[in-house]
Amino acid sequence: MRFPLALYSSLTAFFMRNLLQGRRRFPLVLMLEPTHRCNLACAGCDRIRLHNHAQSEDLTLDECIAAVKESGAPVVTVTGGEPMLYPHLKTLVGELMEMKRHVYLCTNGLLAEPFIEEFTPQPRLTLNFHLDGLEITHDGIANKPGTFKKAIENIGKAKGKGFRVSTNTSVYKNSDLTELEKLFQTLTDLGVDGTLISPAFSYESVGDDIFLSREEAVEKFREMKDFFGRFPFLNSPLYVDFLKGERSMRCTPWGNPTRNPLGWKSPCYLITDRYYPSFNEMMEKTDWERYGTGADPRCRNCMVHSGYEATSMRCAFSSPRDLLRLLVWNLKKN
Ligand code: SF4
């Protein structure tokens, strides 16, 4: 099974409950960024630039827990910055387990060893390692030699101890498909439970010309079409159709709301127009119609999973055919 049954059941129950309550907009995945500090300065990341600019403090443990309760989302992605630098990480993840949340703990892998050694694997916890290519490419994007080797070593350790492990890969203008194929084969051979892939988002704060236009992304994903049947991808088939240009979608920016040390980010994980002090205020005061492809020029090339996977869920709940396709897909490993 691609996602654990418990995760699917939680998401489905949460989705149905909200629909029955007549809520039009509700989050599925909370993007929790307890710290913006990082031990790397990757090419396509805007958080490290944001932290250098704003020198934000870490969220307290209480603020993290309050954010999880406020949003009510059944899935929490703990990201950053590098979450392994957050001093209360083990307590935070432990509390999220007790709150019966499904947690994706994102890491660049360099500092993951103590967590892997000290934390007990749990079915609701997935360690998610970021890898953008094989050694030379990944170390180049991360700006630090040895990053790839260490991440691979810690993936092996995490799998060896029994953790659920996934990976996340951003695709850039210069990403080489033969290299990506070798990367996914390496990860599959290591026994990872799933792999996520998405075109990188062209953050305004990242000046370099490294990002794909929408047309270029569609072309690349069409070329990768056979990957989706060979490797254990976690991208839903509806989102993959969208990536290949075979389906149009409007994003669901409230599906993955972001809480970080500066507040609740509006409108989405990718664009920041302002921060709100509470989740409810962010949901009520954001003018959602102003965003999305065709509405805001910054959205022109966006095809990122944090913007569109929630749309896949919405599509599935409004079309029995799509729902069936999603259910069958989840039963298969790849
Ligand atoms: S299309 Fe725009 S509003 Fe929607 S997720 Fe992407 S950047 Fe955010």
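Predicted model: local features only at pLDDT ≥ 70, side-chain atom pairs only at ≥ 80, totals over all residues.
In helix 13, the buried residues are His-305, Ser-306, Gly-307, Tyr-308, Glu-309, Ala-310, Thr-311, Ser-312, Met-313, Cys-315 and Ala-316. Helix 13 is therefore mostly covered, since a residue is buried if 20 or more other C-beta atoms lie within 10 Å of its own, and eleven of its twelve residues are buried.

**Helix 13 and its surroundings**

- Helix 13 covers residues 305-316 and has twelve residues.
- From its first C-alpha to its last, helix 13 reaches 16 Å, close to the 16 Å expected at 1.5 Å a residue.
- The elements that cover its buried residues include three helices, namely helix 1 (5-20), helix 11 (237-243) and helix 14 (320-331).
- Strand 1 (29-32) and strand 6 (194-199) are also among the elements covering the buried residues of helix 13.

**The ligand**

- There are 14 residues around the ligand, and those that come nearest are Cys-251, Cys-268, Cys-299, Cys-302 and Gly-307.
- One of these, Gly-307, is also among the buried residues of helix 13.
- By type, the shell around the ligand consists of ten nonpolar residues, three polar residues and one charged residue.

- Strand 1 runs parallel to strand 2, and four bridges join the two.
- Across this pairing, Met-31 stands opposite Thr-77 in strand 2.
- Strand 1 also runs parallel to strand 7 (residues 258-260), to which two bridges join it.
- Here the bridge partner of Leu-32 is Arg-259 in strand 7.

**Ala-73, a buried loop residue**

- Ala-73 is placed in the loop between helix 3 (61-71) and strand 2 (75-78).
- Ala-73 counts as buried because it has 25 C-beta neighbours inside 10 Å.
- Apart from neighbours within four places in sequence, Ala-73 is in contact with Pro-27, Leu-28, Val-29 and Leu-30.
- Ala-73 and Asn-39 are 34 residues apart along the chain, and their C-alpha atoms are separated by 29 Å.

**Leu-40, a partly exposed loop residue**

- Leu-40 lies in the loop between strand 1 and helix 2 (47-54).
- Leu-40 is partly exposed because 17 other C-beta atoms lie within 10 Å.
- When neighbours within four places in sequence are set aside, Leu-40 is in contact with Asn-108, Ala-142, Asn-143, Lys-144 and Thr-147.
- Leu-40 and Ile-141 are 101 residues apart along the chain, and a distance of 9.7 Å separates their C-alpha atoms.

**The chain as a whole**

- The chain contains 14 helices and nine strands.
- Of its 334 residues, 43% count as buried.
- The radius of gyration of the chain is 18 Å, which agrees with a compact globule, because a globule of 334 residues would have a value near 20 Å.
- Taken along the principal axes, the C-alpha atoms fill a box of roughly 50 × 45 × 40 Å.
- Among contacts with a separation of 6 or more, 76% are between residues 24 or more positions apart.

Terms used:
Residues numbered from 1 in each chain as written. Near = placed C-beta within 6 Å. Nonpolar A, V, L, I, M, F, W, Y, C, P; charged D, E, K, R; others polar. Rg over C-alpha atoms; globule rule 2.2 N^0.38 Å. Contact = placed C-beta atoms within 7 Å. Expected span 1.5 Å × (residues − 1). Pairing = 2+ DSSP bridges.
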